[in-house]
There are 2 protein chains.
Amino acid sequence: MVSPELLRRYPFFACLSYEQLKAVALIAVEKTFPKDTIILKENTPATKLWVLIEGDIDLIFSGGGEGAIVNALVGSIAPGEALGVSSMIEPFQYISSAKAVAPCKVIEIDGLALRALVEVDQKLGLAMMRNIAAAVLERLKYTQVELAAARA
Amino acid sequence: MVSPELLRRYPFFACLSYEQLKAVALIAVEKTFPKDTIILKENTPATKLWVLIEGDIDLIFSGGGEGAIVNALVGSIAPGEALGVSSMIEPFQYISSAKAVAPCKVIEIDGLALRALVEVDQKLGLAMMRNIAAAVLERLKYTQVELAAARA
């Protein structure tokens, strides 16, 4: 577990009460990944959620294994940002791969346990799903800008 | 208002009970837009949410008015899909513009009223925010594929 105080530093846990942060802290651990670690793989079951504390992560799209498109950079995760939000959204499959491009320190949350918490505590659930939706929208906004630039 | 039965046809309203669909139906209307209508504008307050019944909508990113990038196509909305999900996610600003590229028929929902419903009925709120997050993730997935193709 991690301390609720650690979670409270990140906007991704905004609007959670101290009791709710304590519940999430129980299913979270701190982890490190060496440079070049593939943290998650596209099209695999999304069972974990991370918040990046230190480091830098690239998001890579490999065309779902069809081979038409190989290893295109489609985004990056900076400290304070969430990774693996697909673990909280049906159909619970990662939509790109993620690679540590520097040594990384993360908070790792058990996605299945967090889904269970969302089910039993709807107030926590609503707050978390709002934060998840905001994180995905922020990523979409960035990706649209990159797409517009690539097409300009 | 529209009928709850109309809403029930769309996956965007999945997991809402009949009572909850009735509440949402009260703040929804059916509307049509002629071809070439700008339905919403980038960087303006997001106060409405739509589900496309018939037609075709382009999502256009214009670089936030900075002039560096002009009118790049960054996505499209097909029948059954939601438009204007930013109306349910802070900071409640549309992130691109949307233009009807064919005559469109939509369900238009008052975003402020829906936000109020989400506040007072957390069960409805959790279901709606899950559907919103799923809609944004689906859009992100599509945009990442397009970005990867543009960069390939």
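1. Which helix of chain B holds B:Thr143? B:Thr143 sits in helix α4 of chain B. This is a predicted model, and the points below should be read as describing that model. B:Thr143 has a relative accessible area of 0%, so it is buried. Setting aside residues up to four places away in sequence, B:Thr143 touches B:Val74 of its own chain and, in chain A, A:Leu140, A:Thr143, A:Gln144 and A:Leu147.

2. A:Thr143 is placed in helix α4 of chain A. With a relative accessible area of 0%, A:Thr143 is likewise buried.

3. Two packed helices are described by the angle between their axes and the distance between the axes. For α4 of chain A (residues 122-151) and α4(B), the axes come within 8 Å and cross at roughly 20 degrees. Angles under 35 degrees count as roughly parallel, and α4(A) and α4(B) are therefore roughly parallel to each other. The crossing of α4(A) past α4(B) is left-handed. In the contact of α4(A) with α4(B) there are 16 nonpolar, eight polar and ten charged residues.

4. Within chain B, helix α4 (residues 122-151) also packs on helix α3 (residues 111-120), at an angle of about 125 degrees and with the axes 5 Å apart. That angle makes α3(B) oblique to α4(B). By class, six nonpolar, two polar and one charged residues form the contact of α3(B) with α4(B). From α3(B) come B:Leu114, B:Leu117, B:Val118, B:Glu119 and B:Val120, and they meet B:Gln122, B:Leu124, B:Gly125 and B:Met128 in α4(B).

5. Which residues touch the most other members of the largest nonpolar core? They are A:Phe12, A:Phe13, B:Phe12 and B:Phe13, in a core of 70 residues. Apart from that core lies another, of 40 residues, including A:Leu83, B:Leu40, B:Ala46 and B:Phe61. As for A:Phe12, residues up to four places away in sequence not being counted, it touches A:Leu49, A:Val51, A:Ala82, A:Val85, A:Met128, A:Asn131, A:Ile132 and A:Ala135.

6. A:Leu52 belongs to strand β3 (residues 48-54) of chain A. Its relative accessible area is 1%, and A:Leu52 is therefore buried. Apart from neighbours within four places in sequence, the residues in contact with A:Leu52 include A:Tyr10, A:Ile57, A:Ile77, A:Pro79, A:Cys104 and A:Val106. The C-alpha atoms of A:Leu52 and A:Ile95 are separated by 18 Å, with the two residues 43 residues apart along the chain.

7. Is B:Glu108 buried or exposed? B:Glu108, found in strand β8 (residues 104-110) of chain B, is buried, with a relative accessible area of 8%. The cut-off for buried is under 20% relative accessible area. Neighbours within four places in sequence aside, B:Glu108 is in contact with B:Ile27, B:Ala28, B:Val29, B:Lys31, B:Phe33, B:Lys48, B:Leu49 and B:Trp50. B:Leu21 lies 87 residues from B:Glu108 along the chain, and their C-alpha atoms are separated by 14 Å.

Methods: Residues numbered from 1 in each chain as written. Chains lettered and ligands numbered in written order. Predicted model: local features only at pLDDT ≥ 70, side-chain atom pairs only at ≥ 80, totals over all residues. Heavy atoms only, no water. Core = buried A, V, L, I, M, F, W, Y, C linked by side-chain atoms within 4.5 Å. Buried < 20%, exposed > 50% of the residue type's maximum accessible area, 1.4 Å probe, protein only. Contact = heavy atoms within 4.5 Å. Axes fitted to C-alpha atoms, helices over the stretch in contact; angles between N-to-C directions. Helix = DSSP H or I, 4+ residues; strand = E, 2+ residues; numbered from the N terminus. Parallel < 35°, antiparallel > 145°, perpendicular 65-115°, else oblique. Nonpolar A, V, L, I, M, F, W, Y, C, P; charged D, E, K, R; others polar. Left-handed = near helix turned anticlockwise from the far one by under 90°.
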